[in-house]
Amino acid sequence: SAAYVNAVAALYGFSYAVKMSKMGGNAPDGYFDYVVPPLEGLWDLAGWESAPGVIKKDSFEWTAMIRVPAFVTPDVFRRFMGVLAAKKPELDLAPVRLEKFTEGLCGQITHTGPYDGEPPNIAALERFIAESGCRTEMSGMRRHHEVYLGDPRKTAPDRLKTIIRHPVVRV
């Protein structure tokens, strides 16, 4: 969707504005050089249990995320959002926010291949979770979580790697 494309562009725009601030002598206090982490997504897969394997992407609710170093304080966030707004006025920055996210206990699997091929690995993850004495419990920000280790613009679909996490509780 256009909103997702905008969100990804805004997140990467912000991340690289901070990372490259060292080049212009505009680095925030506490800055250290780092690699911009991968894009992550939280996905609401409501209804998945009633229709496993059915992917209705247009009905998913999502949150796109990129981790930032600890030196990105609320003041640093506001400053670099201003930098990004001046550099990329076409982006809608209204939905972008700085939040702390605590993952909690999760089950995890690595999927290799196109995103549409994830259902068998999600099923395997759910079996593993159950065999481990846990159950998936999604609520609030604890949702289906994906970490994208490949860039779909530069990587063949069969070589894409995605970490898939499900929040769990012990039973």
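The structure is a predicted model, in which local features need pLDDT of at least 70 and side-chain atom pairs count only at pLDDT 80 or more, whereas totals for chains, interfaces and linings use all residues. Residues are numbered from 1 along each chain as its sequence is written, and side-chain values use heavy atoms, with hydrogens and water left out.

The secondary structure of the chain comprises three helices and six strands, where helices (H or I, at least four residues) and strands (E, at least two) are DSSP runs numbered from the N terminus. Read from the N terminus, these elements follow the order α-β-β-α-β-α-β-β-β. Along the principal axes, the C-alpha atoms fill a box of roughly 55 × 30 × 30 Å. Of the contacts in the chain with a separation of 6 or more, 72% are between residues 24 or more positions apart, a contact being defined by heavy atoms within 4.5 Å. The chain has 171 residues, of which 38% are buried; here buried means under 20% relative accessible area, exposed means over 50%, and partly exposed lies in between (1.4 Å probe, protein chains only).

Charged pairs were examined next. Side chains of opposite charge can pair when their charged atoms come close. With a salt bridge defined as a side-chain nitrogen of Lys or Arg within 4 Å of a carboxyl oxygen of Asp or Glu, the count comes to eight salt bridges. One of them joins arginine 67 to glutamate 40, with an N to O distance of 3.0 Å. This pair links distant parts of the chain, since arginine 67 belongs to the loop between β2 (61-65) and α2 (74-87) and glutamate 40 to strand β1 (residues 40-44), 27 residues apart. Glutamate 40 counts as buried because its relative accessibility is 5%. Another salt bridge, with an N to O distance of 2.3 Å, is made by the side chains of arginine 78 and aspartate 75. These two residues are three residues apart in helix α2, so about one helical turn separates arginine 78 from aspartate 75. Both ends count as exposed, arginine 78 at 51% relative accessibility and aspartate 75 at 53%. Glutamate 137 and arginine 135 also form a salt bridge, in which the closest N and O atoms are 2.7 Å apart; glutamate 137 is partly exposed at 32% relative accessibility, and arginine 135 is partly exposed at 41%.

A nonpolar patch on the surface is formed by Tyr16, Met20 and Met23, which together have about 330 Å² of accessible area. Patches are made of residues with over 30% relative accessible area and no salt bridge, like charges being joined within 9 Å and nonpolar side chains (Val, Leu, Ile, Met, Phe, Trp, Tyr) within 5 Å. Methionine 23 is located in the loop between α1 (2-19) and β1, and its relative accessible area of 62% makes methionine 23 exposed.

Two buried strand residues were considered in detail. Histidine 111, in strand β3 (residues 106-112), has a relative accessible area of 2% and is therefore buried. A polar atom of the histidine 111 side chain lies 2.8 Å from the backbone oxygen of proline 114. When neighbours within four places in sequence are left aside, the contacts of histidine 111 include Gly117, Glu118, Leu160 and Thr162. Threonine 162 is found in strand β6 (residues 161-170) and counts as buried at 0% relative accessibility. With the corresponding neighbours left aside, threonine 162 is in contact with residues including Ile109, His111, Tyr115 and Val147. Threonine 162 and leucine 149 are 13 residues apart in sequence, with their C-alpha atoms 5.7 Å apart in space.

Finally, a search of the whole structure finds zero disulfides, a disulfide being a pair of cysteine sulfur atoms within 2.5 Å. The cysteine sulfur nearest to that of cysteine 106 belongs to cysteine 134 and is 10 Å away, a distance too far for a bond. Cysteine 106 is partly exposed at 24% relative accessibility, whereas cysteine 134 is buried at 10%.

Key
Accessible areas come from the Shrake-Rupley method with a 1.4 Å probe; for residues, only the protein chains shown count as cover. A polar contact is a pair of N or O atoms within 3.5 Å; within protein, one must be able to donate a hydrogen and the other to accept it, and residues adjacent in sequence count only if both atoms are side-chain atoms.
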